Each structure stands twice: as C-alpha cells, then as structure tokens.
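Trainee: Hi! Could you walk me through this structure?
Mentor: Happy to. Let's open it up.
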Amino acid sequence: MIGHAFMGAAHSQAWRVAPRFFDLPLRPVMSVLCGRDAERTAAAAERLGWAEAVTDWKSVLDRDDVHVVDICTPGDTHAEIAVAALDAGKHVLCEKPMANSVAEAVAMAEAAHRAAQRGVRAMVGFSYRRVPALGLARDLVAQGRLGRIHHVRAQYLQDWIVDPAAPLSWRLDKEKAGSGALGDIGAHIVDAAQFVLGDTISEVMGTLVTFVPERPLAVSHSGLSGTASDRTGPVTVDDAALFLARFAGGALGSFEATRFANGRKNALRIEINGSAGSLAFDFEDMNVLQFFDGTEDSAVAGFRRIVVTEPEHPYVGAWWPAGHGLGYEHAFTHQAVDFVRAVAAGTDPAPTFDDGLRVQRVLAAVEASAESGTWQQV
C-alpha cells in the first residue's frame, strides 16, 4: 500500500478484516507499506498491521511477493504510480478521484486495458458503492420498481473547513488535489448516481465557488484536521460545486458538493424519483433506505423505512444478526472483498478505470461549464 494517512488507515482495516468475515478465494497478505517519511511510515506499518515499511514506492514493483498495489496517496501521484504498477504486472486498487485530469485518467485507463490482456486487474475505490443500502437501491432501480427515472438529486455535504482559520491542507491545493469539493466529494455522488441508475451523465451545467481564498499554512495534519501556523497561503480549489445534469436515459439531475454546510458532517444524500416510485438515502443514516411504491393504494401509500440489515441485503449476510448496523469502515471491507474475488475469477472488478475516467470527464465538464457559463457535453 502506498500512503498511510486517512485512506491508508481505512484500506488497512479492510485488508485485515475482509478474510476474517468473508469466504475469499485468495487471502490478502499485508506485505509492505510505503510512505515518504521513514520514521512515520514504520510507525504506521506497526499500527496498521503491515509487515514492512519502505520509502521508495518504485522498489515494491520489482518484488515477487507483491501482487497488488493499493494507492492511497494524493491525486497528483495516482497516474504515475498506477501506470507503473500495472505495467509491472501488479493488480491496482486506486483511491478516488482516479486522477487530477482527464489526460491522466486516459493514460491510466489505457494502462489498465494493456494490463487486462495479461490478466492484471485495476479498480477505483468508490467505496460508497459498497454501502448495503445503496446496493439495494441499485437493485430496486434495476428491477423496474421505480419505473422510468425522472429526477436525481444528489448532495455531499460536509463542514470541516467552514472555519476560515482551518489550516491549508493538500486537499485545498489544486496541484495536489486537482479540484476541491468537486473532485474530493463530488466525485462520490457522480459515481453513486451513475451506479444506482445504471446510467451515465451526458451533459452538465455548473458553478464553482471559493468562499475563503486564503488560509493559514498547516504545521501538521491528522485526518481532515490539522495545526495552523501564523503564515497564510492561497486556496486554489473550489469550496463548493453545484451543477445540473442530464442523463443519457433522459433523467434530470441536480448535484451539490460542499465542505461549508455547517452542521453536516458526512451527508452523502441521493433521492431518485421515477414514474412508479421513489427512493432516498442519507449516509448519516447509512443503514436505512427510504422507498416509496407509487403503485400502492394512495390511501395508505407513503415512504417506507427499510432497515438494510437483513441477510439477503448486499454484503450483510457476512456480518451480524439482522438489525445490527454497519458503519463507515464496512464499505472499505466490501471493496476489498469485491476486488479479491474479481482478481481470483479473472474478471474486471467494478468500478473499472473506464468508470473512473467517465467520472473524471464529468468533473472536467463541470469545470468547463463553470468557466464558460454554458452547458457542456461529457
């Protein structure tokens, strides 16, 4: 695994837990962790369960005991590491957003196609796909329970930088992050909407806003928080993104991604309205899916609160008795499970690098629309 901060910890837990709860055809062995600072990387390897720590990511590509490279670094390094790893014959799991530009994402997708011809697989880490309630939502749409889809409303609301004194992290630096709220959390709702609908966004019109253009430079970081210095630097990404979307199948979408929604901690929300019904999901109540069956008698019809913890729900049967909820970390475990099973079966794990490229094209179209003030084709 390359990188060991917030996402590195989440992925490490997934690799540790997956073979202990799920019957896997292959057993992950956590061989080596790579980071820039030798002392911090060694401490992280000990804490997270990795056998060894190194500081040169290129060195792991020559090792016979490394079959998978898991990329948990900032977006500016994804393309270089992923292409090199795939060309070296390593399966790759790469955190989202897949890249910082369409050009980088194209190079990664092309590398994935070359690798697939040799049986080497690649996947993007859109972990929210693995939340059981969103898996159930996709099943209901695929079964036609919502009829023809008319509307999609998607939001990802956080508040971790609403304080203008919050320090300047790499996520606020365009060179490292590619974009701000748009790519960091907007990418998740783009993928979630396309995943649940089984449809793709074809056209967008959007706007981007930066509320706090300058922040204190960071002395240190831990997760999404940090310690500020007395010096400041420019914020070079968006703080909030809003855009309208048209789907290839005819649905109309509205998307909002912001890290300035005071009081909202991790509110990934999606509501879908169709000719025969509706559904609604909010990650802050992640074990629940709201479903409205428009074919029922109107005298008794209403949104039904489904607690998605039954054994027949996606992934749930491997965990606890019915009614015992799952948490944020479980989606990463499910991601590892799907990845391992696909590699063992010799199939492409979803979402593929082509899926990641499709999301990247949507993000780029939103940026182009924000600059031009016009609708943009994806």
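Mentor: Let's begin with a pair: the side chains of E271 and R153 meet in a salt bridge, at 3.5 Å from N to O. Keep in mind that this is a predicted model.

Trainee: Is E271 buried, exposed or partly exposed?
Mentor: E271 counts as partly exposed, at 30% relative accessibility. R153 counts as partly exposed too, at 36%.

Trainee: How many salt bridges does a search of the whole structure find?
Mentor: The search finds 18. One of them pairs E52 with R63, where the closest N and O atoms are 3.1 Å apart. E52 sits in strand β2 (residues 52-54) and R63 in the loop between β2 and β3, 11 residues apart.

Trainee: And R63, buried or exposed?
Mentor: R63 is buried because its relative accessible area is 18%, and the cut-off for buried is under 20%.

Trainee: Switching to helices: which residues of α3 are buried?
Mentor: In helix α3 (residues 78-87), they are H78, A79, I81, A82, A85 and L86.

Trainee: Why would residues three or four places apart point the same way?
Mentor: An α-helix has 3.6 residues a turn, so residues with that spacing face the same way.

Trainee: What covers the buried residues of α3?
Mentor: The cover includes β3 (68-71), β4 (91-95), α4 (102-116), β5 (122-125) and α9 (353-372).

Trainee: And what follows α3?
Mentor: G89 follows α3, and the phi of G89 is positive, near 90°.

Note on methods
Residues are numbered from 1 along each chain as its sequence is written. This is a predicted model: local features need pLDDT of at least 70, side-chain atom pairs count only at pLDDT 80 or more; totals for chains, interfaces and linings use all residues. Side-chain values use heavy atoms; hydrogens and water are left out. Buried means under 20% relative accessible area, exposed over 50%, partly exposed in between (1.4 Å probe, protein chains only). Helices (H or I, at least four residues) and strands (E, at least two) are DSSP runs, numbered from the N terminus. Contact means heavy atoms within 4.5 Å. A salt bridge is a side-chain nitrogen of Lys or Arg within 4 Å of a carboxyl oxygen of Asp or Glu.
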